[in-house]
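Reader: I would like a close look at one part of this structure. Please take it slowly and spell out each term.

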Amino acid sequence: MTPWIEAMRLRTLPVSIAGVITGTACAIHAGGRNLLYAPLCLLFALLAQIASNFANEYFDYRAGLDRKGREGFRRGVTEGDISPAAMLTATLITLATACLTGLIILLLSSQWWLLPAGITIAIFALAYSAGPWPLSRHGLGDIAVVIFFGIVPVMLTSFLICSSSWQGWSLTLPTSAAIGLLAANVLIVNNYRDYEDDKAVGKHTTVVLLGPRTMRTAYLLSGYTAMILTIPLWKDTLHLFSPVIPAIYLLIHTRLWHQLGHRRGAALNPLLGNTARLLLLTALLTSILLLIS
């Protein structure tokens, strides 16, 4: 895997995909038909996440928070594979491309209130790792993920596809929060893996602040809470297949939670990928259920 592909952190990109897929399915279920926005929202979400991943690598390097030979995925800038200037340039170009995509969405929809929403998303992509108070270093990364990888993409995608209306919001809103909680679990595994490294350099993630045991419990509860939040969805669809999806999710999720307590360091990398893939699988199965109901 090339350093640039590694810097994109492909294992985490299902987090962005899941939100847009779920928002699209919720919109179609509610009668939305403007499907042109689905690929545009997906492109915007992926570019924003990649820009955030690039920024995280650059700004953590600048702050001295990364060390060579760290437990997590290889950091190209820290290891000398990518120059800091090149990473900063890639961050800005990727973020600018995301903003251009957002501008296209804005022009097509004529919903000008989306402009401050897009600016907020762009700022978050950088503020997660940069600025005077980086969210990832002050225990706010998990909350930010719930909002910007769950509630925001699901709700806004659904809004646009539903001809710029909040049609079906009573079903979409709890579902978006559920997707956000499942996305936050990916970050929990990431920070759980990096606990020793982050603690050594003073990076205050929730795992450093609250401890691995507490966040392992949070990982488990996030999954179960997410399934509770989707109860309105299962009640609305009333399909024979409805109870199967949360059952499959909770079975795999509980197994992953057990693994979280018995692995350390780099051994958690596959678990991070599996947590992201489980999120995407759940989003896909949920979307199929919405589409056939």
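What follows looks at one network of charged side chains and then at the spaces and surface around the rest of the chain. Which residues are linked with Asp60 in a network of salt bridges?

Author: This is a predicted model, where local features need pLDDT of at least 70, side-chain atom pairs count only at pLDDT 80 or more, and totals for chains, interfaces and linings use all residues. Residues are numbered from 1 along each chain as its sequence is written, and side-chain values use heavy atoms, with hydrogens and water left out.

The network links Asp60, Arg75, Arg137 and Lys203. A salt bridge here is a side-chain nitrogen of Lys or Arg within 4 Å of a carboxyl oxygen of Asp or Glu. The whole structure has four of them.

Start with Arg75. Its side chain meets that of Asp60 in a salt bridge, at 4.0 Å from N to O. Asp60 sits in helix 3, while Arg75 is in the loop between helix 3 and helix 4 (76–79), so the pair links distant parts of the chain, 15 residues apart. Helices are DSSP runs of H or I with at least four residues, numbered from the N terminus.

Both partners are buried (under 20% relative accessible area; exposed is over 50%, partly exposed in between; 1.4 Å probe, protein chains only). Asp60 counts as buried because its relative accessibility is 0%. Arg75 is buried too, because its relative accessible area is 6%.

Next comes Arg137. Its salt bridge with Asp60 has the closest N and O atoms 3.5 Å apart. Arg137 lies in the loop between helix 6 and helix 7, and Asp60 in helix 3, so the pair ties together parts 77 residues apart in sequence. Arg137 is buried, with a relative accessible area of 17%.

Then take Lys203. The side chains of Lys203 and Asp60 form a salt bridge at 2.9 Å, N to O. Lys203 is in the loop between helix 9 (195–201) and helix 10 (206–210), and the pair links parts of the chain 143 residues apart. Lys203 is buried as well, at 7% relative accessible area.

Now turn to Met87, in helix 5. Met87 counts as buried, at 0% relative accessibility. Leaving aside neighbours within four places in sequence, Met87 is in contact (heavy atoms within 4.5 Å) with residues including Trp4, Phe54 and Tyr58. Met87 and Ala55 are 32 residues apart in sequence, but 7.7 Å apart in space, C-alpha to C-alpha.

Arg9 is in the loop between helix 1 (3–8) and helix 2. Its phi is near 60°, a positive value in a residue other than glycine. Arg9 counts as buried, at 16% relative accessibility.

Ser110 has a positive phi of about 60° too, although it is not a glycine. Ser110 is in the loop between helix 5 and helix 6. At 47% relative accessibility, Ser110 counts as partly exposed.

Trp112 lies in the loop between helix 5 (84–109) and helix 6 (114–127). Trp112 counts as exposed, because its relative accessibility is 51%.

Finish by returning to Asp60. Asp60, Arg75, Arg137 and Lys203 are linked in one network of salt bridges.

How values were computed:
Helix = DSSP H or I, 4+ residues; strand = E, 2+ residues; numbered from the N terminus.
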